[in-house]
Amino acid sequence: MVQKATPGAKKKVSTFVIDCSKPVDDKIMEIASFEKFLQDKIKVNGKAGALGDSVKVSRDKSKITVTAEVALAKRYLKYLTKKYLKKNGVRDWLRVIASNKDRNVYELRYFNIADNEAEEEDE
């Protein structure tokens, strides 16, 4: 038996934030091109770029906010962010980390290269 959705049922809306403040402040990446990349690449029902009303990508200063009314995995946004970084040649310096404070926030941080060099000198 197929259940029909009740007219008063709320849609589950998930909101994800990608914090790009560090690379944007250092002028390593442009937030507008990243927003456009996400709008073009996010797939809804197997079609890339056809977001419709179900997925909204917006930006404010150095943060990208993705609001989805359909099922959208947080891991998928991490994958797309890594793909963007690789495309622009900054994947070697930046990494995508889930924020400790909030579960729905990804943060772009630099690799700790200075710490690694200090460890190599000690050996």
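Which pattern does the protein follow when read along the sequence? In this predicted model, the order of elements is β-α-α-β-β-β-β-α-β-β-α, which amounts to four helices and seven strands. Helices (H or I, at least four residues) and strands (E, at least two) are DSSP runs, numbered from the N terminus. Residues are numbered from 1 along each chain as its sequence is written, and side-chain values use heavy atoms, with hydrogens and water left out. Local features need pLDDT of at least 70 and side-chain atom pairs count only at pLDDT 80 or more, whereas totals for chains, interfaces and linings use all residues.

Of the 123 residues of the protein, 33% count as buried; buried denotes under 20% relative accessible area, exposed over 50%, and partly exposed the range in between (1.4 Å probe, protein chains only). The accessible surface comes to about 8800 Å², and carbon and sulfur atoms hold 48% of that surface. Accessible areas come from the Shrake-Rupley method with a 1.4 Å probe, and for residues only the protein chains shown count as cover. Among the contacts (heavy atoms within 4.5 Å) with a separation of 6 or more, 54% are made by residues 24 or more positions apart.

An open sheet of five strands is present, with mixed pairing and the order β4-β5-β1-β7-β6. From one strand to the next, the twist averages 20 degrees. Helix α2 packs on this sheet and touches β1, β4 and β5, and its direction makes about 175 degrees with that of β4. For such angles, axes are lines fitted to C-alpha atoms, for helices over the stretch in contact, and values run from 0 to 180 degrees between N-to-C directions.

Strand β1 pairs with both β5 and β7, pairing being assigned if DSSP finds at least two bridges between two strands. The antiparallel strands β1 and β5 are joined by six bridges; in this pairing, Thr-15 stands opposite Thr-67 and Asp-19 opposite Lys-63. Three bridges join β1 to β7, and these two strands run parallel, with Tyr-106 of β7 as the bridge partner of Ile-18. Five of the six residues of β1 are buried, so this strand is largely enclosed by the rest of the structure.

The largest nonpolar core has 26 residues, and those with the most contacts inside it are Ile-18, Phe-34, Leu-38, Ile-42, Ile-64, Val-66 and Leu-85. At least two residues of this core come from each of β1 (14–19), α2 (31–41), β4 (55–60), β5 (63–68), α3 (74–87), β6 (94–98) and β7 (105–110). A nonpolar core is a set of buried Ala, Val, Leu, Ile, Met, Phe, Trp, Tyr and Cys residues joined through side-chain atoms within 4.5 Å. With neighbours within four places in sequence left aside, the contacts of Ile-42 include Lys-47, Leu-51, Val-57, Val-66, Leu-72, Tyr-76 and Leu-80.

A search of the whole structure finds three aromatic pairs. Rings of Phe, Tyr and Trp (its six-membered ring) pair if their centres lie within 6.5 Å; planes under 30 degrees apart count as stacked, over 60 as edge-to-face and the rest as tilted. The rings of Phe-37 and Tyr-84 are tilted, because their planes lie at 55 degrees, with the centres 5.3 Å apart. This pair links distant parts of the chain, since Phe-37 in helix α2 and Tyr-84 in helix α3 are 47 residues apart. Both residues are buried, Phe-37 at 6% relative accessibility and Tyr-84 at 4%. The pair of Tyr-76 and Tyr-79 is stacked, at 6.3 Å centre to centre and 20 degrees between the planes. Tyr-76 and Tyr-79 both lie in helix α3, three residues apart, about one turn of the helix. Tyr-76 is partly exposed at 22%, as is Tyr-79 at 46%. One aromatic cluster is formed by Phe-34, Phe-37 and Tyr-84.

Two loop residues have positive phi values. Lys-27, a residue other than glycine, has phi near 60 degrees and is found in the loop between α1 (21–25) and α2. With 73% relative accessibility, Lys-27 counts as exposed. For Asn-45, likewise not a glycine, phi is near 55 degrees. Asn-45 lies in the loop between β2 (43–44) and β3 (47–48) and is exposed, with a relative accessible area of 77%.
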